[in-house]
Amino acid sequence: MASAFSYNSFGFLLILVAFSSLINISSAGRQIAPKTSIEFIRTSCSSTTYPKLCYESLLTQASMIQTSPQLIAHAALNVTLSTAKSTSALMAKLATSQGLKPTEVGAMQDCVEELEDTIDELRKSISEMGQLKGSNFGLMINDIQTWVSAALTDENTCADGFGGKNMNGSVKTAVRSKIVTIAHLTSNALALVNSYASFHG
């Protein structure tokens, strides 16, 4: 029994370590991009709620973004989707770990469901962003804004589920911080979508 407990505890710690290193938005792998593209990202991100996170998360996409309001919004949605998918997968694993309280397992499972909704809404937004056309622009951009706003609501609901005192400290810290980061990325993406809508209008 002792060895089983040790193995399960080790597995649990490995997952927490994976969470702690999941969102590592750094300069590693950064492509060389024209200064105009980098400045465009900096300027565009300055209008978001979390400009530093926005800039760092999009800098590696500078060569692709160039100076396009549509492409920067599209890139921000893709970065958010990728992060949400990775976090959801790790949370699903963490929910099956030994040593969690029933309340923690329940919160994990609820959060995975919320993230599944987030992923679906972000996918629809990305698909719609790639099909924006003249006469239907207003309707389509409104759909995107609605979906991204809904994704943000889902993420906040998930984060709230880990705000209680009955949560294990390490679980609460590891999970909630990642969900909050996804929410911040989503907020930034929504701001860039709104900027693009205003620019187009």
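Modeller: The discussion below takes up the fold, a helix pair, an aromatic pair and the salt bridges. Please keep in mind that this is a predicted model.

Biologist: Let us begin with the fold. How many helices and strands does the secondary structure of the protein come to?

Modeller: There are eight helices and zero strands. Read along the sequence, the pattern is therefore written α-α-α-α-α-α-α-α, with helices defined as DSSP runs. Of the 201 residues, 45% count as buried.

Biologist: How does one describe two helices that pack against each other?

Modeller: Two packed helices are described by the angle between their axes and by the distance between those axes. Here, helix 5 (residues 69–94) packs with helix 8 (residues 169–200) at an angle of about 160 degrees, and their axes lie 9 Å apart.

Biologist: Why is helix 5 called roughly antiparallel to helix 8?

Modeller: An angle over 145 degrees counts as roughly antiparallel. The angle here is about 160 degrees, so helix 5 is roughly antiparallel to helix 8.

Biologist: Into which classes do the residues of the contact of helix 5 with helix 8 divide?

Modeller: The contact holds 18 nonpolar residues, five polar ones and one that is charged.

Biologist: I turn now to the aromatic rings. Which quantities describe a pair of them?

Modeller: The distance of the centres and the angle of the planes describe a pair of aromatic rings. In this model the count comes to one aromatic pair. Its members are Phe137 and Tyr196, whose ring centres are 5.5 Å apart and whose planes stand at 80 degrees. Planes over 60 degrees apart count as edge-to-face, so the pair of Phe137 and Tyr196 is edge-to-face.

Biologist: Is Phe137 buried or exposed, and is Tyr196 buried or exposed?

Modeller: A relative accessible area under 20% counts as buried. Phe137 has 7% and is therefore buried; Tyr196 has 8% and is likewise buried.

Biologist: The last topic is charge. What can side chains of opposite charge do?

Modeller: They can pair when their charged atoms come close. A search of the whole structure finds three salt bridges. In helix 2 (residues 35–45), Glu39 and Arg42 are three residues apart, about one turn of the helix, and their side chains meet at 3.3 Å, N to O.

Biologist: How accessible are Glu56 and Lys52?

Modeller: Partly exposed covers the range between buried and exposed, and exposed means over 50%. Glu56, at 26% relative accessible area, is therefore partly exposed, whereas Lys52, at 59%, is exposed.

Conventions. Residues are numbered from 1 along each chain as its sequence is written. This is a predicted model: local features need pLDDT of at least 70, side-chain atom pairs count only at pLDDT 80 or more; totals for chains, interfaces and linings use all residues. Side-chain values use heavy atoms; hydrogens and water are left out. Axes are lines fitted to C-alpha atoms, for helices over the stretch in contact, and angles run from 0 to 180 degrees between N-to-C directions. Helices (H or I, at least four residues) and strands (E, at least two) are DSSP runs, numbered from the N terminus. Angles under 35 degrees count as roughly parallel, over 145 as roughly antiparallel, 65 to 115 as roughly perpendicular and the rest as oblique. Ala, Val, Leu, Ile, Met, Phe, Trp, Tyr, Cys and Pro count as nonpolar, Asp, Glu, Lys and Arg as charged, and the others, Gly among them, as polar. Rings of Phe, Tyr and Trp (its six-membered ring) pair if their centres lie within 6.5 Å; planes under 30 degrees apart count as stacked, over 60 as edge-to-face and the rest as tilted. Buried means under 20% relative accessible area, exposed over 50%, partly exposed in between (1.4 Å probe, protein chains only). A salt bridge is a side-chain nitrogen of Lys or Arg within 4 Å of a carboxyl oxygen of Asp or Glu.
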